[in-house]
Amino acid sequence: MFLKKSSSKKSKSAVKNIVTVNAYTDKKYIFKGDTFQSLNKLSYNTSNFITSYVSNKDIISTTVHLSRSIPEEDIPDILDIKAYEELGLDQASNYIISSTEIENAGEEREYHIFVAQPEVLNELFSPIKQQTKYIDLILPAPLLYKALYKKEILEDTGTHCFIYFTKQDAFVTFYRNGEYLYSKSIEYSLEQIYEKYCEMVGEKIDEKEFFSILEAEGLKTTNSDYQQNLMKIFGEVFITINDIVIYAKRAFQLETIDHMYIGSVQGPIIGLDEYSQNYLGLQSADLSFNYQVNNDEWYIDQLQYLMLLTSFDYMEDESSVVNLTMFPRAPAFLNRAGGQFIVATFAAISVGLAYPLVYLIGSYINDAKIYALNIENNKLSAEANKYKKILSDKKQKISVLDKEIGSLSKRYHGKTKTLTSIYDKKVNYRLKSGTFHMLAEDLHKFGVNVDNLYSKEDTFWISLVSSDDRKLTELIKYISDNHFDEIDQIDIERIQKDPESHYYKGLLKVDLR
């Protein structure tokens, strides 16, 4: 009843190239020598790692919960049983079943299960298998986006929605915090959009011309007829997408969709991200990323890139990637019955000859090693002596230069101090005559006289005389307000009236900055 996906252990070192194949369009690429380039024809080559994907419309999926008390060895069988129960599969039929566990699920373990019919896979991938003899990895299309988070192209925070249009399928996929959440196909593949357009205009439009305009101008085409009809079709598309978004929010308790990415196998559809943002009110962008992979084409199907990145993840850890392949490569020679027989026969013969030969061969090997090491030692000794002499000469030169540097440093510091002192006196010296002139003008302005003045460095003491004590206070306030950038502090001792002259006197102290 259960048809398990089979796998074969591969020598990772034997894989030199990665070949990604779109089984729906027969478009294929090879990653070879750090370059991702188009491949004209497939061939059998065990150094090639073959990867493809199965579209969302050709698989079914569900999510199941298991108790953490279930032994690890029982989980695969229980997941298969759950798949039949949850998805209502025909008990008399075989299916290809694979699953992936959701990290940090909570009290129970949670798994996404993906199921495909062998007949569908066989029809889709047999032409590839006939040429390559095996397919290492067949991925569910919605899980391809996981590579964007593993490779840190997107941040694994928030909820993201991916919409991708291919010729045969269009599907909406949700990820939350970098983990797959839900996917849904819609009846608006590129071929279906073309057919709806023809129905709308009432005639058969040239298909190449239609897709050429869609690829080059998108929704911003200068052809008004094309634009109006495309806007109507994509209006229907986004009504469907909006219903899916509403369902996903309710089913998975999503507060919002943080970002939406929209792309197609033909390339970005110009204006579609703006249309999405205006219609759905969600931040939208083209589903096109910089993968840091060398290529010479203006655009490569994004799913081809994602198959490449996921292949690297699979070769590092097979258990981390869902694999629906029915066409694994043949087991290694040692794992085959014929290979094991030949190896056992050769081993028996070798054991009989090994004992007498082991000492003889070991002796020759040791002599050869000693001879080779002596030659290497002589070369290295000569090289070491040469560099020791060079280091000795350099140390002597460094010692002489250190003494010269010390002498020059002393001379430099002495001249620096002298020049600094000269510059300070020349530039920063404050002429007292200018200060006296300033104070004289202010005294004259307020009718205040001086009967004594003396200074010390940047401090002045001025004995003020006035017929009115208010003139003294007004003078002090004026000096404070108008010369605050030149004066650090201004103060006057007690103002008192001379009983003999009837004039007011006070000693003003001014500290300049």
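**Loops, rings and helix packing**

Student: In which loop is the place of Q253?
Tutor: Helices (H or I, at least four residues) and strands (E, at least two) are DSSP runs, numbered from the N terminus. Q253 is in the loop between α6 and β13 (259-264).

Student: What kind of model is this?
Tutor: Residues are numbered from 1 along each chain as its sequence is written, and side-chain values use heavy atoms, with hydrogens and water left out. Local features need pLDDT of at least 70, side-chain atom pairs count only at pLDDT 80 or more, and totals for chains, interfaces and linings use all residues, for this is a predicted model.

Student: Is Q253 buried or exposed?
Tutor: Buried means under 20% relative accessible area, exposed over 50%, and partly exposed in between (1.4 Å probe, protein chains only). Q253 has 71% relative accessibility, so it counts as exposed.

Student: What is the phi of Q253?
Tutor: Q253 is not a glycine.

Student: Where is E152, and what is its phi?
Tutor: E152 is in the loop between α3 (146-150) and β10 (159-165). With 70% relative accessibility, E152 counts as exposed. E152 is a residue other than glycine, yet its phi is positive, near 60°.

Student: At what angle do α4 and α6 pack?
Tutor: Helix α4 covers residues 190-201 and helix α6 covers residues 224-252. Axes are lines fitted to C-alpha atoms, for helices over the stretch in contact, and angles run from 0 to 180 degrees between N-to-C directions. The axes of α4 and α6 are 10 Å apart, and the angle is about 120°.

Student: What does that angle make α4 relative to α6?
Tutor: Under 35 degrees counts as roughly parallel, over 145 as roughly antiparallel, 65 to 115 as roughly perpendicular and the rest as oblique. At about 120°, α4 is therefore oblique to α6.

Student: Which residues make the contact between α4 and α6?
Tutor: Contact means heavy atoms within 4.5 Å. From α4 come I193, K196, Y197, M200 and V201. From α6 come D225, Y226, N229, L230, K232, I233 and F234.

Student: How are α4 and α5 placed relative to each other?
Tutor: The axes of α4 and helix α5 (residues 207-216) are 11 Å apart. Their packing angle is about 110°. The two helices are therefore roughly perpendicular.

Student: Which residues of α5 touch α4?
Tutor: The α4 side is L190, E191, I193, Y194 and Y197. The α5 side is E207, F210, F211 and L214.

Student: Which lysine sits over the ring of F211?
Tutor: A charge sits over a ring if NZ of Lys or CZ of Arg is within 6 Å of the ring centre and within 35 degrees of the ring normal. Here the charged end is 4.9 Å from the ring centre of F211, and it belongs to K167.

Student: What makes the contact between α6 and α7 on the α7 side?
Tutor: α6 and helix α7 (residues 272-280) pack at about 55°, with axes 11 Å apart. That makes α6 oblique to α7. On the α6 side are M231, F234, G235, F238, I239, I241 and N242. On the α7 side are L272, Y275, S276, Y279 and L280.

Student: How many aromatic pairs does the structure hold?
Tutor: Rings of Phe, Tyr and Trp (its six-membered ring) pair if their centres lie within 6.5 Å; planes under 30 degrees apart count as stacked, over 60 as edge-to-face and the rest as tilted. The structure's count is 34.

Student: What is the angle between the planes of F289 and Y291?
Tutor: F289 and Y291 are both buried. Their centres are 6.3 Å apart and the pair is edge-to-face, with a plane angle of 80°.

Student: How many residues apart are F446 and Y478?
Tutor: F446 and Y478 form a tilted pair, 5.4 Å centre to centre with 55° between the planes. F446 is buried at 17% relative accessible area, while Y478 is partly exposed at 23%. F446 is in the loop between α10 (432-445) and β15 (449-456), and Y478 is in helix α11 (residues 469-482). The pair links distant parts of the chain, and the separation is 32 residues.

Student: Which residues does Q302 touch, leaving out those up to four places away in sequence?
Tutor: Q302 is in helix α8 (residues 302-316). Its relative accessibility is 2%, so Q302 is buried. It touches Y164, L287, S288, F289 and Y291.
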